[in-house]
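This report concerns a protein chain and its salt bridges. Please consult the sequence and the model shown here.

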Amino acid sequence: MRCKAHFWFATVASAIVSLSSASTAIGRPFDPLTADIQSLIDVTSSFHSGQQLSTIDAIRFAPAAIRLDVTWRVGQLDDASSPFYGTTIPRVSLAKYVNNEDGGLGRLLFPGLDGIRWRISTDHDSYVQPFVQTAPNWTFYEPIPIGNTIAGDLNGQWSAILFDNAQNYSGITPNTIVHPDGNGEIRVNAFGLQFGGPAGLVPGQELQGHIMIFDWNVEPEPSTAILMVMGVAGLLSQARRSRL
């Protein structure tokens, strides 16, 4: 019980620090809002069908964030359309579909924006790959390189896909994100994240983990942060009493 309480304390404390120190490493990104983050859905099974792969066991809401409870498992990537078909990896996937926005045209992200940026923390070293699918043909784009490592230290880190530094596997040129009608607009019908789990797992091994995804644009007020810490302190105290 003590370990669980300490984990929650570390998670909340790091979330407060992370949200208050957001970076602006790319020029004019689109930062997914709380509503976008909390409406992300688990699409792991659509990428991998029953090959002993990782699962998202629960998606839990937090203020301006979501928390994923994940079981990492090694399995084979069985999506035949993927360039990494047959790769043995632990992976989970999330998506937000926006194809019905703006009269069915999708969400307009350009002009004026140069990428999509996410803020993430994990308790195991993981590899994160942001992606975007452009309207109207569901063209899948990923960053170059295809992602970045998120250290498993519960500190919020950013990961982004830049429109002028992305690649697709549909043979579309140029290999940057350009709307097919050539009007200079970038409209998307889906965007999200794919996570590669910890290294060193072997088939049959399971490892519990957690991922937090934050809204860059929201910082808790000082009073809210204090109440959050006091609440965790109360949980620690209650857990201590329950052991006596």
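Buried denotes a relative accessible area under 20%, exposed one over 50%, and partly exposed the range in between (1.4 Å probe, protein chains only). Arg117 is buried, with a relative accessible area of 5%.

The model is predicted: local features need a pLDDT of at least 70 and side-chain atom pairs count only at pLDDT 80 or more, while totals for chains, interfaces and linings use all residues. Residues are numbered from 1 along each chain as its sequence is written, and side-chain values use heavy atoms, with hydrogens and water left out.

The pLDDT, the predictor's confidence in each residue from 0 to 100, averages 77 over the protein chain, and 69% of the residues score at least 70. Over residues 1–24 the pLDDT is below 50. Residues 220–243 likewise have a pLDDT below 50. Where pLDDT is low, the predicted coordinates should not be read in detail.

Of the 244 residues in the protein chain, 46% are buried.

A salt bridge places a side-chain nitrogen of Lys or Arg within 4 Å of a carboxyl oxygen of Asp or Glu; the count comes to 8.

In the last pair, Arg187 counts as buried at 10% relative accessibility, whereas Asp102 is partly exposed at 46%. Asp69 is buried at 11%, as is Arg67 at 6%. Asp31 also counts as buried, at 12%. Furthermore, Asp36, Lys96, Glu101 and Arg107 are linked in a network of salt bridges.

Notes:
Contact = heavy atoms within 4.5 Å.
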